[in-house]
Amino acid sequence: MFPAHLNRTVRTGLLPVVFVLFVAGAGPIVIDAPRHATAAEPDVAAAETGRQTDEKPAVVEAAGQADLDAAIEQKLAARSLDDFERVVDLCRRALRKGLSKESQAFADSLLVGTLIDRAGMLVDVIFDGPKPNPEWPRMRTFAMRDLTEAVRRAPDLGTAHLMIARLQSLPGGNQKAAALAADKAIELLTPGQADRLQLAEAHLVRGNLAEDPAARAADYDKAVELAPAKADIRQTRGLFRLLQNEYGAAREDLQAAIEQEPEEVGLHEALGMAYLMDDGLEGEARLEEARKAFDKAIAIAPDAAGPLLQRARVLALQGEQPEAIADLDKAIEMAPQNAVPLVLRARIQQQAGNSEAAAADLAKVLAAQPDNPAALELRGLMAADAGNYAAAIRDFTTLAGRPQQDPLVFGQLGMLQLAAKRPRAAIVWFSKALELDESQFLSRRGRSDALISIGKHAEAVKDLEQARELKPDDSGVLNNLAWLLATSPDDDLRDGKRAIKLATKACEETEWKAAHIISTLAAGYAETGDFAKARELSQKAVAADGGTGGIDEQLKKEQQSYVAEKPWRERQEMAEAELPGLDAPAAEPEAATAGKELPATPAAPRRPFD
């Protein structure tokens, strides 16, 4: 596309010489190269009247005309940057020496066109090469010098503003200047056939610079409208739609781009991702289509690690673990410094039960990149699976200390602390997660569990009520809220009728198979004074548990209470467990234990608050 070189039509032999300058953004400019009479030319006026004269013709040539003539000849033969430099120098020299009015206008146009040509050659090298030229920052500096002068001399050249926008949008450029230049290019370029592709490029650049997704989408849509068959434009919108989780629309753009560029490996890889990430498609069909796209990418570029990595993900999801690991082995051999395939291979090995192999891969990654987030997360999860909560908490604490604060990481830390029987530390991390994103269900639910375990029922009820707004049918939330309403020693919290309603729904959600939820319903009836129903349900809970749920003894104690026609009351006050391997208790609020005598051993939870 760039540069929009000057096309010339030259009528040689006799003066005048006519140049048609097709300066992009300005349209054709027809300029007669100015005549300059010399002693060798006859006096045309005298000849036409038949008047005889012995006078010699006057020389009217301006001082800079010879340099302008030389610039014209040089431009006709220009092929390189050095050739364009000579044209520019000759034009400047001609303008300095002085030209007639017509010649000056011509010299200005020739200078502007040459500046754009020269900048365009550099823009071509920067953007159109198979890989970035290491000298591109220096090239950008030279191109910007020419383009700045060009728009100063001819402010209405849309092509020049477009090139400025593209150059300034590169890393290290002036993003604000890029956006202004893109706006100017869109203002000056017209949707006619001549400017249509450049106008599409201008919208593409402005879309890339936009922070608002809606504004970006509007510019991409306009670019596609102007140039629907341009592969790079369809690819850009397709990738944007992919990031916006618009998978079907992304596939439409990517397939259109593939029709234009069938051997572009990146397009097939992106298409595979648009299938792989689309949970709205049927599982097996989705994976098969993704695999086909990655197969095609690998066929085009067998030495590229990226498609192998993505196909390995598909193979792992299809249960073909040996094949997935074989792809990852090749990807790692091609790019041994890339941590992603090593971490993915570790994850597959871990899922296959090969913990030692998984740990070895993670050790390689963390030896080279001690703060690699994916490796730290997987190592932490593996440690938690092995019951080594101290190691897991250390890894996730490292993740939580990164500048990019992640509520999911904070919530995971809360879960680890809760699993390690450190509810007060867990509350701190759950609270941090909710400060960043109050819609985090697991953190809301997790904090309520932690609050229940230390006897803070009123605060737990608040969290459970908000958790119900997020997931109204979650059986765990329904059960725990009903349990507090039925059994809390706090008189103002209890509500037996509502407890029955919530617990009944929880039993329905679990098909009346969860012993601890049935016992919650029994507690609700006991709270309302219906001990016969409470005993019946309590017996049903004992039968459902069958001694396998770990709460058989607790259920029998509740049953005895109902036989005595006494409602059940419960408040836990779990102590904070110490974890060997942690230097100090992790991030606990000072007020949590101040002035309190905590039990030496933690009380066992009444029921699994999973």
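**Chain, cores and selected residues**

Author: Among contacts in the protein chain between residues at least 6 apart in sequence, 56% join residues at least 24 apart, where contact means heavy atoms within 4.5 Å. This is a predicted model, in which local features need pLDDT of at least 70 and side-chain atom pairs count only at pLDDT 80 or more, while totals for chains, interfaces and linings use all residues. Residues are numbered from 1 along each chain as its sequence is written, and side-chain values use heavy atoms, with hydrogens and water left out.

Reader: What makes up the secondary structure of the protein chain?

Author: The protein chain has 28 helices and two strands. Helices (H or I, at least four residues) and strands (E, at least two) are DSSP runs, numbered from the N terminus.

Reader: Why is Cys91 called buried?

Author: Buried means under 20% relative accessible area, exposed over 50%, and partly exposed in between (1.4 Å probe, protein chains only). The relative accessibility of Cys91 is 0%, and therefore Cys91 counts as buried. Cys507 is likewise at 0%, so Cys507 is buried. Buried residues make up 46% of the 610 residues in the protein chain.

Reader: How many disulfides does a search of the whole structure find?

Author: The search finds zero disulfides. A disulfide is a pair of cysteine sulfur atoms within 2.5 Å.

Reader: Which residues touch the most other members of the largest nonpolar core?

Author: Leu68, Leu110, Ile116, Leu147, Leu167 and Ile233 do, in a core of 55 residues. Helix α4 (residues 101-128) contributes the largest share of this core, 11 residues. A second, separate core has 45 residues, including Ile427 and Leu521. A nonpolar core is a set of buried Ala, Val, Leu, Ile, Met, Phe, Trp, Tyr and Cys residues joined through side-chain atoms within 4.5 Å.

Reader: Why is His203 called buried, and what makes a polar contact with its side chain?

Author: His203 lies in helix α8 (residues 196-209). Its relative accessible area is 8%, so His203 is buried. The side chain of Asp219 makes a polar contact with the side chain of His203 at 2.8 Å. A polar contact is a pair of N or O atoms within 3.5 Å; within protein, one must be able to donate a hydrogen and the other to accept it, and residues adjacent in sequence count only if both atoms are side-chain atoms. Leaving aside neighbours within four places in sequence, the contacts of His203 include Ile186, Lys222 and Leu226.

Reader: How do you know that Val224 is buried?

Author: Val224 has a relative accessible area of 7%, and therefore Val224 is buried. Val224 belongs to helix α9 (residues 213-226). Not counting residues up to four places away in sequence, Val224 touches Ile233, Arg234 and Arg237.

Reader: Why is Arg444 called buried, and why is Arg402 called partly exposed?

Author: Arg444 has 5% relative accessibility, so Arg444 counts as buried. Arg444 is in helix α22 (residues 441-453). Leaving aside neighbours within four places in sequence, Arg444 is in contact with Leu434, Glu438, Asp463, Gln466 and Ala467. Arg402 has a relative accessible area of 31%, and therefore Arg402 is partly exposed. Arg402 is in the loop between α19 (389-400) and α20 (407-419). C-alpha to C-alpha, Arg402 and Asp371 are 8.9 Å apart in space.
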